[in-house]
Each structure stands twice: as structure tokens, then as C-alpha cells.
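Let's take a friendly tour of the aromatic rings in a protein model. Have the structure open as you read along.

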Amino acid sequence: MYKYSVSILGTGFIGLCSAACFADKEIKVLASTHNEKKAAQINSGIAPFYEKGLQEIMNRLKNNPNIFQCLTDPVKAVLETDISMITQGTPMRKDKSIDLSYIESTAQEIGEALKEKDGYHLVVVRSTVVPGTTRNLVAKIITEVSGKEPRKDYGLCMQPEFLAEGRSIEDTLNPDRIVIGQFDEKSGNMLHEIYKYFYGNHLDSCPVLKMNIESAELVKYGNNCLLSTKISFANEFANLAQLVPNVDITEVMKGVGLDYRINPRFLGAGVGFGGSCFHKDVNAIKAWSKSKGYTSRLLEAVLDINDDQAIKIVDMAEELTGKLAGRKVSLLGLAFKPGTDDMREAASIRVVGELRKRGVTKIIGYDPKALHTAEVEFGDTIQYANSIEEALKDSECALLITEWDEFKHLIPDDFKKYMKTPNVVDGRRIYDYKKFIEALPFRAIGRIH
């Protein structure tokens, strides 16, 4: 008999990575998705997306339905577990506000289950939601459907996740803090208890912060908005660095980041941030605050600077080659970051859009992991290469978009060997500036010769 049983409602990056890690520590997990094909794939031991370390855990859990199983019936999953975690997506609407429809439907399903269930059950919202959602939407729906009350009949927590794609498994197993927004002490203590079991001695060095639900909801936005701001800050200064020769933004940000009050993480200048969180969350909290009568000028600037980086890198390319229209352009990297195949809000999308605006029709991209997801995103608007060599062949300009390790090993001679004309723009500052600028036509974000 397992000490804890958890239902994970939603099998995206957060849900599946959490489910796999819990089950690997012998916590019984019933994951849930309405996608029958995805459920079958998970139950056969195959991860439905690439995330470093995930498939290895899935291999260990394969053929062990007693500890880990994916259902297509969320009501059954809730009924057969003690704790339910909502890990559904909260995508961006066309007006850039948050879409809570998946959260609403999941709360409805939990309510249906709790209506039939005797005994106390803990509901934990782990999805990123604007302040007030857990109390005023999730709890309200569960109570209306089930006829049961939080605190008396079921527990309620909001626990934001801080997982970075590409290292979601590592971040799940070794968090730097755990934030528990609790409806009441009993709810918070129950969630804390399972983490004492799951993390063991790691909690000796990992702070567990308990607070009210609305504060916990805002912690997640504060986290992602500050990281996004650091990136846009670095890019703003990269643009300043390009106003005068010999200033190198990598050295500038290294000097800034060594200040103990700041730290160097997320101060890398480049073609901008992407992924499933930063754009979505900055836009969501900006739209939410505007609906409350407050306009965030800072967050508006963060997004504008980020979007402009796609224009900046194409401008730099045309400084090298002249007009790009009619030329073949190579993109090295398509995913929004290394370690994942996620294309959501990737910088490559904005760069391709800018290239096409300027009449560039011959675009070929290569990515070690994201070719399939890129093809879903771009369709036939670009070509796809299966190797670096194929991507560079007969190209007249190469743009480094994603800092995969295999790109870091390229030297100037590699570009000279394969390209028709070796014009290179480093959009992530992974190349030795002096070595490249002396060897071929070269530009890099945050530096002019």
C-alpha cells in the first residue's frame, strides 16, 4: 500500500514531469488527459515530447500501472487518489489575456468526483493563474458542483511551479524553494507532508514558504516577469553597446552580474526570450492589471524590447549582405531554447516573420530536437535540414538562433566550407568574437568592431 496517492490533471511539461518524478519516488500517480492517443503513448512508456531526463524515468516506470498510469477519465483519477494537482495549461487569448477554460473544466471534473467521494481530499492548483483564480473560480466551481466546502470537506492550496523547460526534471527533484499558498493550515500541512516524504533531506536546504493563496499566485508572475525583465534589460544594453566600437555586451553583463545583489543569470543578450511561460505570463499579468485599472509601463517595455530583437538580428544580417531578398538564409536552431523541442513563442518564429516581410523566401532551418515541432509551426514556409552541413549548404547568411551545444563547436572554417558566402550573425553570443571577425564577415549581438 502506497503512503500517498496523487492525481495529476494535465500532462503537459509540468504535469508529466511532476507525475514521472513522483512515481519514481514510489508515490502512486494517476495522470489524466482527454487525449486517448497521448494516454496510450504514456502508458506504453514513451514520453510525448522531448524533455531532458524524462524518457529515462518513463523507461523505469514502464509496465508498472500500480505506481503510474495515465487515464482518460479525470473523475476516476480523483476518486482513486488523496491529492489532486491541477497542471492544465493557461494559454494566451487573442487579446493576450489569460485563458482559464481548461482550469474551469478541470475544477468541474474535480467537483463531480468529490460529489461521490467520502472523506477529505486536497486540491492543489499548480497551473499559473492570475490572483484570485484559485479562491474565486476553482473553489467556487468545486463547491457548486460537489456541494462540499473548502476547509470542512476538502483542502485547497495553490503551489506555483518554477520549472525551466530543458531542465524540468532537475528542477522538480531539486527546487530552490517551495511556495505553498494555503486556504487554511490543514491544507498547507497536508501538502507539506507529502513533500517531506518526496524530498527528504533536500528540505533541509530548501525553504518552504507558506502564505495565502493570492500571494502565491502572484509569486509565479513576479518570478517570470523579473526573469523576462533581466533578459530585455540585457538586450537594451546590447543595443547601447552597438552604438560605439569595442564595447562587448558579454563583458558588460559579466561585470554587472557579479554584483551580489543582481547575479549573472538571465543577463545574456540575444534574439530574445520565448517558450510557454514568459510571453504568456507577462502578457497575462499585464492584461489582468489593466482590467483592474493599472497599466504596467515596465512590462509593456519588456515585451516591446524582446519583440524588436528579431528586427535587430535581421538588420545586422543585411549590414553584412545587403538586401536579403532572393538570398538563401540558414537558421541554426529553431526551438526557443536548448534542451527542449518546444516551439512556443520561439525567437525563430519572429525572425522567420521578419525575413519573410523583407522578401526572403529561401529559408532553411536545422534544430537537433525540434524539427517535427517546427514543421507543425512553420509548415512549408521554410525548408528543414537534417544536419548543420545541410542547413549551411549554398547559404548566403547564417543566423545562430538557439545555443545548442553542437553549434558551439563550429569554427569559421566550417562556415567557409559549406556556405556559398560565409556571412554569420551570432544571435546568442556563443562564438569567440575576435576569432570569427578576423576570419569571415561576422556580426554578434551587443558588439561592433
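## Counting ring pairs

There are 15 aromatic pairs here, where rings of Phe, Tyr and Trp (its six-membered ring) pair if their centres lie within 6.5 Å, and planes under 30 degrees apart count as stacked, over 60 as edge-to-face and the rest as tilted. Take Phe198 and Tyr199: their ring centres are 4.6 Å apart and their planes meet at 70 degrees, so this pair is edge-to-face.

Phe198 is buried at 2% relative accessibility, and Tyr199 is buried too, at 12%. Buried means under 20% relative accessible area, exposed over 50%, and partly exposed in between (1.4 Å probe, protein chains only).

This is a predicted model, so local features need pLDDT of at least 70 and side-chain atom pairs count only at pLDDT 80 or more, while totals for chains, interfaces and linings use all residues. Residues are numbered from 1 along each chain as its sequence is written, and side-chain values use heavy atoms, with hydrogens and water left out.

Phe415 lies in helix H17 (residues 412–418) and Tyr431 in the loop between strand S13 (424–426) and helix H18 (433–439), so the pair ties together parts 16 residues apart in sequence. Helices (H or I, at least four residues) and strands (E, at least two) are DSSP runs, numbered from the N terminus.

Both Phe415 and Tyr431 are buried.
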